[in-house]
Amino acid sequence: MNAQDKLKIAVIGGDGTGPEVTAEALKVLAAIAPMENIAYETTDFDFGGERYLRTGEILPAGAVEELRTFDAIFLGAVGHPDVAPGVLEKGLLLELRFQLDQYINLRPVKLYPGVETPLVGKGPEDIDFVVIRENTEDMYCGVGGFLKKNTPDEVATQTAIYTRKGCERCIRWAFEFTQKRNNPKGKKLTLVAKTNVLTYGHDLWWRTFQDVAKDYPDVQADYNHVDACCMWMIKNPEWYDCIVTTNMFGDIITDLGAMVQGGMGVAAGGNINPDAGGVSMYEPMGGSAPKYTGQGVINPIAAIGAMSMLLEQSGHEQAGRRVLKAIQEVTGTKMKSQAAGKMGYSTSEIGDLVIAAL
Ligand code: IPM
Ligand code: MN
């Protein structure tokens, strides 16, 4: 989009503490917009557990079509204690990822100043990499079934689907991203897969990665098996610049990444459809944390980080970077901890501090 167009954002606050952290992200957006000359409008959607319990529907008819008319979606969190686990996640989060073909899941792993990492001896200069997770294929396709269910002879299958088109578009975007990120320590993209065991699907990924790498001679194309990656992420996180990986492995290693960067209160991600007219969705990685609802103790840093990503990916790079810088000033000079209830400030005070730092 052009920077002068009005940025139309659909807001799904969602369940539990989702609306509280979303409110802080929107407060920061309201503050940065005039500073950076950004025209925007937001529209609220009440999708989530409460609505589902009331109406039996997760995404009502026409909802996806309506969401397609926005430039971006901001999602607080889904997950409700009275709704069976998986129902909302599948019916809302995965449904939107698939229907809107958000084939990139962009998850930065960045240790902000002042944030505690469980990795002894590692600091912000060591922990600063980005995971690019394929977001529409793999075991997430829901292909599989049962045979002789609930008998001693039961068989269950769950099939991973990989397509040349699906992995190529993700790998190509990851190379472009790595090039643009232009890490002063050297541009490197590491494919994380399991080619020694998944000799069909991950062979396709491997061959595609080698092919696409030829178009990016300035980017070092590296490879790690996923198990080794888990080891190196802990032992030598400074070795990574960008990682590109499959949906399932990306899901797993980004939780590891979230812990390395200080926890779920900090980690944010974007579900991106980079194609022309594509609608992307930004979210804090943490869940709805229902037990903290309404107490003003939940950490909004991840949500504000997600807003910074939304701005950056929607053509407002400078605004996104400015919000990210303000976040780092607050973590580095104000917050006592990133854990709920231990921040030294309330949820809305953290939002105020980020705005003051802007
Ligand atoms: C994530 C989540 C989702 C996923 C769940 C809630 C379906 O863990 O965004 O990483 O597996 O992708
Ligand atoms: Mn996950």
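Reader: Which residue in S10 stands opposite threonine 190?

Author: This is a predicted model. In it, 4 bridges join strand S8, residues 188-193, to strand S10, residues 242-245, and the two strands run parallel. The residue of S10 that stands opposite threonine 190 is isoleucine 243.

Reader: Which helix packs on the sheet and touches S8 and S10?

Author: The helix in question also touches S9 and strand S5, residues 128-134. Its direction makes about 165 degrees with that of S8. It spans residues 201-213 and is helix H6.

Reader: Which are the edge strands of the open sheet?

Author: The sheet is built from 10 strands with mixed pairing, in the order S2-S1-S3-S12-S11-S4-S5-S10-S8-S9. An edge strand pairs on one side only. The edge strands are S2, residues 40-45, and S9, residues 220-225.

Reader: How many degrees does the twist average from one strand to the next?

Author: Strands of a sheet pair through backbone hydrogen bonds, either parallel or antiparallel. Here the pairing is mixed. From one strand to the next, the twist averages 20 degrees.

Reader: Which strands does helix H1 lie across?

Author: Helix H1 covers residues 18-35 and runs at about 155 degrees to S1. The strands that H1 lies across are S1 (7-14), S2, S3 (72-77) and S12 (280-284).

Reader: Why are glutamate 24 and lysine 27 separated by about one helical turn?

Author: Side chains of opposite charge can pair when their charged atoms come close. Glutamate 24 forms a salt bridge with lysine 27, with the closest N and O atoms 2.6 Å apart. Both residues are in helix H1, and the separation is about one turn because they are 3 residues apart.

Reader: How many salt bridges does the count come to?

Author: The pair of glutamate 24 and lysine 27 is a salt bridge. A salt bridge needs a side-chain nitrogen of Lys or Arg within 4 Å of a carboxyl oxygen of Asp or Glu. By this rule the count comes to 24.

Reader: Are H1 and H11 roughly parallel or antiparallel to each other?

Author: Helix H11 covers residues 347-357, and its axis is 9 Å from that of H1. In their contact, residues of H1 including Glu24, Lys27 and Val28 meet residues of H11, among them Asp352 and Val354. By class, this contact has 4 nonpolar, 3 polar and 4 charged residues. The two helices pack at an angle of about 20 degrees, and H1 and H11 are therefore roughly parallel.

Reader: How many charged residues are in the contact of H1 with H10?

Author: The axes of H1 and H10 are 10 Å apart and the helices pack at about 130 degrees, which makes H1 oblique to H10. Val28, Ile32 and Met35 of H1 meet Ala319, Arg322 and Val323 of H10. The contact has 5 nonpolar residues and no polar ones, and the number of charged residues is 1.

Reader: Is the crossing of H1 and H10 left-handed or right-handed?

Author: Two packed helices are described by the angle between their axes and the distance between the axes. For H1 and H10 the angle is about 130 degrees. Their crossing is right-handed.

Reader: Are H9 and H10 roughly parallel or antiparallel to each other?

Author: Helix H9 has residues 301-313 and helix H10 has residues 317-333. Their axes come within 6 Å and cross at roughly 160 degrees. Angles over 145 degrees count as roughly antiparallel. H9 and H10 are therefore roughly antiparallel.

Methods
Residues numbered from 1 in each chain as written. Chains lettered and ligands numbered in written order. Predicted model: local features only at pLDDT ≥ 70, side-chain atom pairs only at ≥ 80, totals over all residues. Heavy atoms only, no water. Pairing = 2+ DSSP bridges. Axes fitted to C-alpha atoms, helices over the stretch in contact; angles between N-to-C directions. Contact = heavy atoms within 4.5 Å. Parallel < 35°, antiparallel > 145°, perpendicular 65-115°, else oblique. Left-handed = near helix turned anticlockwise from the far one by under 90°. Nonpolar A, V, L, I, M, F, W, Y, C, P; charged D, E, K, R; others polar.
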